[in-house]
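Work through the following exercises with the model open beside you. Each task is followed by a solution that goes step by step.

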Amino acid sequence: MRRITSWCTAVVLVLVGVLVAAPTAHAQGAAVGGWGGRYFLNDAFTGIANRVVDYGDAGDETYFGDWDGNGTDTPLVRRGNTFFLRNSLTSGIADVQFSFGNPGDEVLVGDWDGNGTDTLSVRRGSVVYVRNTLTSGYAERQFTYGDPGDVILVGDWDGNGADSLAIRRLGRYFVRNSLTSGPADHFFGFGNESDIVLAGDWDGNGTTTLAVRRGIRYFLRNTTTTGGADVVFDYGNPSDRTFAGDWNGDGRDTLGTRRPPVQPTAWTGWRGVDWETLPTSQRVVALTFDGGSSDVGVPRILATLRRHGVDATFFVTGDFARRYPQAVQAMAGDGHPVGNHSNTHPEFPKLSDAGMRAELAAADASIAPLVGQPTRPLFRYPYGDRSAATTAVVNGAGYIPFRWTVDSLGWQGTSGGRTAAFVCQRVLSTARPGQVVLLHVGAHPTDGSVLDADALPCIIEGLRARGYAFGDLRDMVA
C-alpha cells in the first residue's frame, strides 16, 4: 500500500457497535464514501480533531474497524476485491492484505461472531455472505434480510457482543438481532427521511444507537426507541463527510471527517475552460445530476447514493429550487454539493453580460438558503451552450463551468428508444480517469420514465468493478 497525499471528502452512513468484557471498538459498518486519504479524528464531540491520519490512495474505498481486537478502530482500503488494512492510526503501509468477494459487491464491516474483532461481509441484493477471518477465502455463512434497495446499518443492537443488521426505510429502522433470515425483531422511528444517519455506541454501554446529522448539527439518541435526541451538538463544516468510530479505545464512538488537502493551485487555474473531463490520472469519476424540470427521481437517486456510499454533484435551476425546495434540501442534507444551473435555463450565448450575471445571481439567491452555502464555484451551462465570452463572464462571477465527458441520454426516455440497460452500458463503455457523467433527476415529460434513476445502481456497481471511485466536483476545486 502506498502512503497518500490526495484530495476529497467523504460521508458515512453507518458503524458497528461491539462490546465484550473489555472495552471494544465500534467499527465502520459501511464504506466511508468519497475519495481522498486524509482523516481528521476527534475523541470528543466538541473542539477540533486531535488526530490526523493519511492512508491509502485518493480513489480508495475506505472502511474503519477493530481488525486486531485492541479496542480502537483503524483504516482499511479496498481496491477491487483486495483489502489492505492497518492496525494503527498512523500513516504507513498495510499490515494485512487479503481478498474477499467480487469487485462490485457492497461490503459491510462488523464483529459477526462476537469475538471482539471486525471482519467483512458482502451483500448481493438481499443476500449477505459472512466471513469471520481477515483472510482470503469464501463466505462461511449466508442469510437473507430486507429488500435489495434497502439501506443497511450494522450494529450490536441488543448488547450481546455480536453485530447484526438493521434496514432503514424513510425514517424507520427495522432491526434483526441475529444473522439469520426472517422478519425484524424490533423497529423504531428516529429523524427525518432526508437526514444523514450515523450509528455508534455514543455512551459506552455496549449497544449501538443512532445519530442524525443536519448541516453541522448532530442529534444523538442513546436508545433504539422512537423519541427525541438525548444529545445535540455542532461540529465541523457543512461540507464535511463525517463517520464514527472509537479512536482511543475508551468504548465510546466519536466522529471523524475525511477532508481533502488544499489544492496546490488556486481555483483561478480553472479559468477559461468549460471542463469536460477532470485533469487527473486517478481512477475517479464524478457523477453529476441536472435538475430543471421535475424532481421525480430525487428520492430514488439519493437512496441509491446513500446505500452505496457514493458522492455526487447536483446542478439545479433557480426555478427548480423554488418549485421543489425539499428536494434541494435533501440533496444538501445527504452531503452532496448543489451547483448553479442558471435561474430560468436560457441559452447563455444569447444573453447580454448583465443578463448572464442576473441569471447566476437569481439562481444563487434561491438555492443558497436551502443548502446553507453559496453555489459558487459550481456552474453548468443550460443545454451546454457556451462560448469563450460566456465563460469569461461566468468566471468573473466566481464560477467554474463544468460540462460532461458522457451524456447518459437517459433524458430521451423510453419513447426515445432508450432503456436503463442502454444508459448503464453507455456510461460504463466510456469510463476513463476524470470522467464527468451527466445524468438527470427528472422524469421524461411524456412517457414518465426516469431512466437515469433506474440505471444508477448498475452504473455505480459497474464502475466500482472496474476499479473506479467517486468524487464530487466541490472537492476537486477546493
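**Exercise 1.** Which handedness does the link of C424 and C458 have, and what is the angle about the S-S bond?

*Solution.* Before starting, note that this is a predicted model, in which local features need pLDDT of at least 70 and side-chain atom pairs count only at pLDDT 80 or more, whereas totals for chains, interfaces and linings use all residues. Residues are numbered from 1 along each chain as its sequence is written, and side-chain values use heavy atoms, with hydrogens and water left out.

Step 1: find the bond. The structure holds 1 disulfide, the term standing for a pair of cysteine sulfur atoms within 2.5 Å. The disulfide joins C424 to C458, with an S to S distance of 2.0 Å.

Step 2: read the torsion. The angle about the S-S bond is -75 degrees, and the link of C424 and C458 is left-handed.

Step 3: C424 belongs to helix α6 (residues 420-429) and C458 to helix α7 (residues 451-465), so the pair ties together parts that are 34 residues apart in sequence. Helices (H or I, at least four residues) and strands (E, at least two) are DSSP runs, numbered from the N terminus.

Step 4: compare the surroundings. C424 is buried, with a relative accessible area of 3%, while C458, at 36% relative accessibility, counts as partly exposed. Here buried means under 20% relative accessible area, exposed over 50%, and partly exposed in between, with a 1.4 Å probe and protein chains only.

**Exercise 2.** Determine how α6 and α7 pack, and list the residues through which they meet.

*Solution.* Step 1: take the geometry. The axes of α6 and α7 are 8 Å apart and the packing angle is about 40 degrees; axes are lines fitted to C-alpha atoms, for helices over the stretch in contact, and angles run from 0 to 180 degrees between N-to-C directions.

Step 1: classify the angle. This makes α6 oblique to α7, because angles under 35 degrees count as roughly parallel, over 145 as roughly antiparallel, 65 to 115 as roughly perpendicular and the rest as oblique.

Step 2: assign the hand. The crossing of α6 past α7 is right-handed, the rule being that a crossing is left-handed if the near helix is turned anticlockwise from the far one by less than a right angle, and right-handed if clockwise.

Step 3: list the residues. From α6 come A420, V423, C424, V427 and L428, and these meet L451, D452, D454, A455, C458, I459, G462 and L463 in α7, where contact means heavy atoms within 4.5 Å.

**Exercise 3.** Where are H345 and Y383 found, and is each exposed or partly exposed?

*Solution.* Step 1: take H345. H345 sits in the loop between β23 and α4, its phi is near 65 degrees, a positive value in a residue other than glycine, and at 23% relative accessibility H345 counts as partly exposed.

Step 1: take Y383. Y383 sits in the loop between β24 and α5 (388-396), also with a positive phi near 65 degrees, and is exposed, with a relative accessible area of 51%.
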